[in-house]
Amino acid sequence: QVQLVESGGGSVQPGGSLRLSCVFSGSAVFGKAMAWYRQVPGKQRELVASDNGDGATDYLASVNGRFAISVDGARPAAYLQMNNLKPEDTAVYYCNFVDFPVPWGQGTQVTVSS
């Protein structure tokens, strides 16, 4: 059985910070590259940030400079440091492998509101 478990979400005011964590449990290997996605009700899930497992990262334009992804290939796990949060960052955040995605986890809710 494979499972992704996201955590670290919460409610913050604009300008605040959160650090999301994603831990994978399972015995198979699904590649080094991992990514964070987010989804709001009524919209498609969108790619927020990716890391190829060797430190090369890519970001959605609207979060570039505010978010930072990192990956621990040994666990494996992925993290998303989110700074200067804005109300438009409100969403459920998910992680997954890029090359061989596994079933989605439950995600973690991030709410940015004053």
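This is a predicted model: local features need pLDDT of at least 70, side-chain atom pairs count only at pLDDT 80 or more; totals for chains, interfaces and linings use all residues.
View 1. Strands of a sheet pair through backbone hydrogen bonds, in either a parallel or an antiparallel sense.

**View 2. Strand 4 beside strand 9.** Strand 4 (residues 34–39) pairs with strand 9 in the antiparallel sense, over six bridges. Trp36 has Cys95, in strand 9, as its bridge partner.

**View 3. The peptide bond between Arg75 and Pro76.** Most peptide bonds are trans. The bond joining Arg75 and Pro76 is cis, with omega at about -10°. Pro76 belongs to the loop between strand 7 (67–72) and strand 8 (77–82).

**View 4. Asn84 in a loop.** Asn84 is located in the loop between strand 8 and strand 9 (91–97). Most residues other than glycine have a negative phi. The phi of Asn84 is positive, near 50°. Asn84 counts as partly exposed because its relative accessibility is 43%, and that class lies between under 20% for buried and over 50% for exposed.

**View 5. The largest pocket.** The largest pocket has a volume of about 170 Å³. Its lining consists of 14 residues, and Val29, Gly31, Gly73, Pro76 and Phe97 lie nearest the centre of the pocket. By type, the lining divides into eight nonpolar, three polar and three charged residues. Pro76, one of the residues nearest the centre, is also the residue joined to Arg75 by the cis peptide bond.

Notes. Residues are numbered from 1 along each chain as its sequence is written. Side-chain values use heavy atoms; hydrogens and water are left out. On a 1 Å grid over the protein atoms alone, a cavity is a set of points where a 1.4 Å probe fits but cannot get out, and a pocket is an open set with protein on both sides within 12 Å along at least five of seven lines; lining residues have an atom within 4 Å of a point. Grid points are joined across faces, edges and corners, and a volume is the space filled by probe spheres set on the points. Ala, Val, Leu, Ile, Met, Phe, Trp, Tyr, Cys and Pro count as nonpolar, Asp, Glu, Lys and Arg as charged, and the others, Gly among them, as polar. Helices (H or I, at least four residues) and strands (E, at least two) are DSSP runs, numbered from the N terminus. Buried means under 20% relative accessible area, exposed over 50%, partly exposed in between (1.4 Å probe, protein chains only). Two strands pair if DSSP finds at least two bridges between them.
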